[in-house]
Amino acid sequence: MSKAKTYVLHSRAENTRRAYAADWRHFTFWCGCHQVESLPALPETVAVYIAELADSHKPATITRRLAAISKAHSAKGYASPASLKHAAVAEVLAGIRRDCGTAQNAKNPILTADLKRLLAGTGDNLKGIRDCALLLLGFAGGFRRSELAALQVSDVAFTEDGAVVTLRRTKTDQEGQGRKVGIPYGAHPTLCPVRSLHRWIEAAALADGPLFRSVDKHGKLGASMTPQTVRLVIVGLADTAGLDASRFSAHSLRSGLATQATINGASERAIMKQTGHKSVAMVRRYVRDANLFRENAATHLGL
């Protein structure tokens, strides 16, 4: 029984499980304060709950709360009171989305011009060499920050054509089947992700273990970088470059690849192959943003 429970716990990403647990705790606390049953809960209770959330939470967060409530009920064998099949829940959520909107507060993509500005602030010490390799690999591979932080030295193989990076587990590959990503040599040596990665491995004398590691002020290597550290590196370099750091995140490298590749004429299929996106709709968000000023009808107005 304990083994079965372990498999159930690992059926979803750790961050998702953590978020659902926090959401469920919030709902049960709210139910306790209002003296209503949380398990099983009534659809009307859920409707009132999300209506109150609308004053302080985004529609995306509210939708996740509904999913957490559904999962908690399903785990105990109850029908979900948070299903949109219930008119009370569906109508309230529709009203929230209509009044508050569903647009995400998206960060800016890092385009090639932005990347050059960030690289100019990396310096030539060990930390700078690491940050340069981190940025270029993240951009060329369209990697998530969690993927960059999880890379091992053994996950990189250098070939005549470039570097082959093996992702052991990703956000969309929770079964750990793995995925290989090709990183080609760049035309410009200073912007080449393969040469930069090779330089980092040699400078840090890495033979095995984590690929990207912390570097203290004395230039000594530490433990593997965390996803949060990856974000801080990017935000810090954006600030150093004189960019609005609040408009960038670690995801800016991934969205930057998709956006810049679109601008330069890459196909949706090629972008999805590099980023590992399963949904065309997600990639098309970047394509849409990149094409705002390409084939724009307003350019034909004679203004």
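Of the 303 residues in the protein chain, 40% are buried, where buried means under 20% relative accessible area, exposed over 50% and partly exposed in between (1.4 Å probe, protein chains only). The model is predicted: local features need pLDDT of at least 70, side-chain atom pairs count only at pLDDT 80 or more, and totals for chains, interfaces and linings use all residues. Residues are numbered from 1 along each chain as its sequence is written, and side-chain values use heavy atoms, with hydrogens and water left out.

The protein chain contains 13 helices and 5 strands. Helices (H or I, at least four residues) and strands (E, at least two) are DSSP runs, numbered from the N terminus. Among contacts with a separation of 6 or more, 57% join residues 24 or more positions apart; contact means heavy atoms within 4.5 Å.

Helix α7 comprises 16 residues, 126-141. From its first C-alpha to its last it reaches 22 Å, close to the expected 22 Å at 1.5 Å a residue; the expected span is 1.5 Å times one less than the number of residues. Because 15 of its 16 residues are buried, α7 is largely enclosed by the rest of the structure. After α7 comes G142, which has a positive phi near 60°.

How do α7 and α10 pack, and at what angle? Helix α10 (residues 227-240) packs against α7 at about 100°, and the axes are 11 Å apart. Axes are lines fitted to C-alpha atoms, for helices over the stretch in contact, and angles run from 0 to 180 degrees between N-to-C directions. The two helices are therefore roughly perpendicular, a class that covers 65 to 115 degrees (under 35 is roughly parallel, over 145 roughly antiparallel, the rest oblique). In this contact, R130, D131, L134 and L135 of α7 meet V230, V233, I234 and L237 of α10. These residues divide into 6 nonpolar, no polar and 2 charged. Ala, Val, Leu, Ile, Met, Phe, Trp, Tyr, Cys and Pro count as nonpolar, Asp, Glu, Lys and Arg as charged, and the others, Gly among them, as polar.

The structure holds 0 disulfides, a disulfide being a pair of cysteine sulfur atoms within 2.5 Å. Two cysteines are set out below.

V156 lies in strand β1 (residues 156-158) and, at 12% relative accessibility, counts as buried. Leaving aside neighbours within four places in sequence, V156 is in contact with A163, V164, V165, L197 and L211.
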